[in-house]
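Here is a friendly walk through one protein model, for you to follow with the coordinates open. Please keep the viewer at hand as the topics come up.

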Amino acid sequence: MSKQRFPLIAANWKMNLLRTEAEQLVASIVNNGPYNAEVAFAPPFLYIPRVGEIIESNSGFFLAAQNCSNHNFGAYTGEVAAAMLSDCKVSMVILGHSERRSIFNESDEWINKKLIAAIDHELIPILCCGEDLEQRNSNRHREVVGQQLERCLSGISADKLQKLVIAYEPVWAIGTGLTARPEQAQEMHAFIRSKLERFHPGPLASGTRILYGGSVKPQNAAELLECNDIDGALVGGASLNADDFTGILRAL
Ligand code: PEP
């Protein structure tokens, strides 16, 4: 069956690159387009306006943020509100990345509040989920991911989740060079879709894009992206190099 969902490839730069490097990277990727996918750049907050200027008149490219606050405005030193991101032409926001969960102690309940704030301000959330190595080795990966989804999506109606993107990112594959085998990834993506269907019976599950993340490179992108339930990729390390990132985009 051919996929009806348009692919999305998102670049998560994390806390990398100086401004001129960022400018060159985006310009090079944009100039090599168009691609058979939507392409989102998630630079550090400071670079968002500049990256926005470079991609501005090119369709198919989107600005994303790596995080947002669950609060609206006020005395929250160091935080960035969803309303501010929307106001600066950001269209997507990565939420619940495993680094935020493990380094900054973000809980599913907290991520749920961020999701609500993001949706309320017209941002498309890219909700990350995934198990660690110990959980995978003890065969608890489905249980762990199912629980993350249930808690992160709690109380949000299907109507509000129309544009939701989910990224399945096994923690043991992030930045490690280890990649889930296509059949392992496909199995989890199908599981995630079935969970969504269980939470919200109807068209939501079949329309939701589920990205794979974890050491995606030009060499392994095609075999992952051709799986039925894999609708794109969230790319960390390989998104910092124009040749590697365009190699992944060309794999589509
Ligand atoms: C990520 O951090 O979301 C990620 C997938 O990183 P990498 O591609 O480097 O594994």
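In this predicted model, helix 2 spans residues 48-55, and its buried residues are Ile-48, Val-51, Gly-52, Ile-54 and Ile-55. Looking down the axis of helix 2, you will find these buried residues within an arc of 160°, so they line one face of the helix.

**Around helix 2**

- The cover over the buried residues of helix 2 includes helix 1, strand 2, strand 3 (61-65) and helix 3 (82-87).
- Glu-23 belongs to helix 1, and this residue touches Arg-50 and Ile-54, leaving aside residues up to four places away in sequence.
- Is Glu-23 buried or exposed? Glu-23 counts as buried because its relative accessibility is 17%, and the cut-off for buried is under 20%.

- Helix 11 covers residues 242-250, and its buried residues are Ala-242, Phe-245, Thr-246, Ile-248 and Leu-249.
- Which elements do the buried residues of helix 11 pack against? They pack against strand 1, helix 1, strand 2, helix 10 (218-225) and strand 8.
- At the start of helix 11, Asn-241 has a side-chain oxygen that comes to within 2.9 Å of the backbone nitrogen of Asp-243.
- Gly-237 sits in the loop between strand 8 (232-235) and helix 11, and with a relative accessibility of 57% Gly-237 counts as exposed.
- Gly-237 and Ala-37 are 200 residues apart along the chain, and their C-alpha atoms are separated by 19 Å.

**The ligand and its shell**

- There are 14 residues around the ligand, and those that come nearest are Lys-14, His-97, Glu-169, Gly-175 and Ser-215.
- By residue type, the shell around the ligand holds 4 nonpolar, 8 polar and 2 charged residues.
- For Lys-14, a polar side-chain atom lies 2.5 Å from an oxygen atom of the ligand.
- For Glu-169, a side-chain N or O atom is 2.7 Å from an oxygen atom of the ligand.
- Gly-175 takes part through its backbone, where an N or O atom lies 2.7 Å from a ligand oxygen atom.
- How much of the ligand does the protein bury? Taken alone the ligand exposes 290 Å², and the protein buries 95% of that.

**Backbone geometry to check**

- As background, most residues other than glycine have a negative phi, and most peptide bonds are trans.
- Lys-14, in the loop between strand 1 (8-12) and helix 1, has a positive phi of about 55° although it is not a glycine.
- Glu-122 also deserves a look: this residue is not a glycine, yet its phi is positive at about 65°.
- Glu-122 lies in the loop between helix 5 (108-120) and strand 5 (124-129), and counts as exposed because its relative accessibility is 67%.

- Arg-136 is part of helix 6 (residues 133-137), and with a relative accessible area of 13% Arg-136 is buried.
- The side chains of Arg-136 and Glu-131 are joined by a polar contact of 2.9 Å.
- Leaving out residues up to four places away in sequence, Arg-136 touches Glu-131, His-141, Tyr-168, Trp-172, Gln-184 and Met-188.
- Leu-95 is in strand 4 (residues 92-95), and Leu-95 counts as buried because its relative accessibility is 0%.
- Not counting residues up to four places away in sequence, the residues that Leu-95 touches include Asn-67, Cys-68, Ile-111, Leu-115, Ala-118, Ile-126 and Cys-128.
- Leu-95 and Leu-225 are 130 residues apart in sequence, and their C-alpha atoms are 22 Å apart in space.

Notes: Residues numbered from 1 in each chain as written. Predicted model: local features only at pLDDT ≥ 70, side-chain atom pairs only at ≥ 80, totals over all residues. Heavy atoms only, no water. Helix = DSSP H or I, 4+ residues; strand = E, 2+ residues; numbered from the N terminus. Buried < 20%, exposed > 50% of the residue type's maximum accessible area, 1.4 Å probe, protein only. Near = heavy atom within 4 Å. Polar contact = N/O pair within 3.5 Å; in protein donor to acceptor, adjacent residues only side chain to side chain. Areas by Shrake-Rupley, 256 points an atom, 1.4 Å probe, with all protein chains shown as cover. Nonpolar A, V, L, I, M, F, W, Y, C, P; charged D, E, K, R; others polar. Contact = heavy atoms within 4.5 Å. Arc of directions from axis to C-beta.
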